[in-house]
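Please look through the sequence and the model shown here before reading the notes.

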Amino acid sequence: MMKALVYLGPGSMELREVDKPAGDVVVHVLGSGLCGTDLKTYLKGHHMFTPPTVLGHECYGRVESATAASGFAAGDLVAIAPYLECGTCPTCLKGYGELCASKSFISGGCFAEYLSADAAYAKRGFFRIPRAATAFALVEPLACVLNGIGKLRLDGGRKALIVGGGPMGSLFGAVFEERGVPFAFVETNPGRAAILAGWGWKVLAPEAVPEKDYDQIVLTVNSADLVPRYLGAAADGGNLLVFSGLSRQDRSTIDPYDVHYREVSMTGSYGYARSHFVESLALITAQGARLERLVTHRLPLSRGVEAMGLLQRGEAMKIVLEP
Ligand SMILES: [Zn+2]
Ligand SMILES: [Zn+2]
């Protein structure tokens, strides 16, 4: 048996004893990041997660047991990709692995003491890491951010604006900082704004955003109303990246004038492909200490519900649960 934080339906989650998973590779989870998707599921439910189930998809751990065929051995430290594209369908071959319709998923969530996979999954989806550092809980969200960054044009003195300075927004900030791209945030939550400012990052109130000044605007807030607002705010020749997951029912009315006469484009990004995961892993291995400051809370699994509240109220950036 093992302890797991079981999601029982919107607003309900409980630490329970459940069966320990068995498989070719069994990993003892050391750290597991709490993500906006987990929060959204906990608060309102999600079509992909039917309760009772265990959430969490951003984790690293130590291999407890492994078959020889898996290529892993007990004691190996690994970062875990929660899903993998098939790599062979037309969408994958065009270079959009994140959109693959035949993805394979890790069975079981990360908010548990153990996780397992068959040898075939582990070979492509488990990656050896050099040390057990909390920053490795950021590999998956950073991979999603790198997918988004790949859709931007950042050369030639272009400036970026990140709308929403939560855990994802702050990862964009960390990458822009590393690449020498000038950037600022729009953040209305005073707690988050204070954390960002404490890191030396520029934070603007929405009404203080200069018109047609920022070239690359990243939307990390789930609000369809912000799409026309920031498409219009982008500089001539600029770009709006819709990074946040808007729902099927959302509608926005954009001004086509911005698209034609000002050559502003709009793009989106969703999840990651395996190549982004590999790129993210390399960045964290090289710069883990700098990125680790984005983790503001480390809490035991038993405080998972409290962690959801902290994230919801914007009192935390990245929270890592440590089973
Ligand atoms: Zn996530
Ligand atoms: Zn595919």
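Predicted model: local features only at pLDDT ≥ 70, side-chain atom pairs only at ≥ 80, totals over all residues.

Residues are numbered from 1 along each chain as its sequence is written, chains are lettered from A and ligands numbered from 1 in the order in which they are written, and side-chain values use heavy atoms, with hydrogens and water left out. Helices (H or I, at least four residues) and strands (E, at least two) are DSSP runs, numbered from the N terminus.

- C35 sits in the loop between β3 (25-34) and α1, and H57 in the loop between β4 and β5, so the pair ties together parts that are 22 residues apart in sequence.
- Both C35 and H57 are buried, where buried means under 20% relative accessible area, exposed over 50% and partly exposed in between (1.4 Å probe, protein chains only).

**Disulfide and other cysteines**

- Searching the whole structure gives one disulfide, a term that stands for a pair of cysteine sulfur atoms within 2.5 Å.
- The disulfide joins C59 to C110, with an S to S distance of 2.2 Å, and its torsion about the S-S bond is about -55°, so the disulfide is left-handed.
- Distant parts of the chain are linked by this pair, since C59 belongs to strand β5 (residues 59-66) and C110 to the loop between β8 (104-105) and β9 (114-117), 51 residues apart.
- C59 is buried, with a relative accessible area of 3%, and C110 is likewise buried, with a relative accessible area of 3%.
- C89 also counts as buried, at 15% relative accessibility, as does C92 at 11%.

- The axes of α1 (36-44) and helix α10 (residues 304-312) come within 10 Å and cross at roughly 105°; axes are lines fitted to C-alpha atoms, for helices over the stretch in contact, and angles run from 0 to 180 degrees between N-to-C directions.
- D38, L39, Y42 and L43 of α1 make the contact with V305, M308, L311 and Q312 of α10, contact meaning heavy atoms within 4.5 Å.
- Helix α5 (residues 167-179) packs on helix α9 (residues 274-292) at an angle of about 90°, with the axes 12 Å apart, which makes α5 roughly perpendicular to α9.
- On the α5 side the contact is made by A174, V175, E177, E178 and R179, and on the α9 side by E279, L283, Q287, R290 and L291.
- H46 lies in the loop between α1 and β4 (53-54) and, not counting residues up to four places away in sequence, touches T37 and T41.
- A polar atom of the H46 side chain lies 3.0 Å from the backbone nitrogen of M48.

**Polar contacts around R262**

- R262 is placed in the loop between α8 and β16 and is buried, with a relative accessible area of 7%.
- The side chain of R262 joins that of D236 in a polar contact of 2.9 Å; a polar contact is a pair of N or O atoms within 3.5 Å, and within protein one must be able to donate a hydrogen and the other to accept it, while residues adjacent in sequence count only if both atoms are side-chain atoms.
- Another polar contact of 2.9 Å joins the side chains of R262 and D258, and the side chain of R262 also reaches the backbone oxygen of G232 at 3.1 Å.
- D258 is in helix α8 (residues 256-260) and counts as buried at 8% relative accessibility.
- Helix α7 (residues 226-233) has V227, Y230, L231, G232 and A233 as its buried residues, and what covers them includes β15 (239-242), α8 and β16 (265-268).

Key: Parallel < 35°, antiparallel > 145°, perpendicular 65-115°, else oblique.
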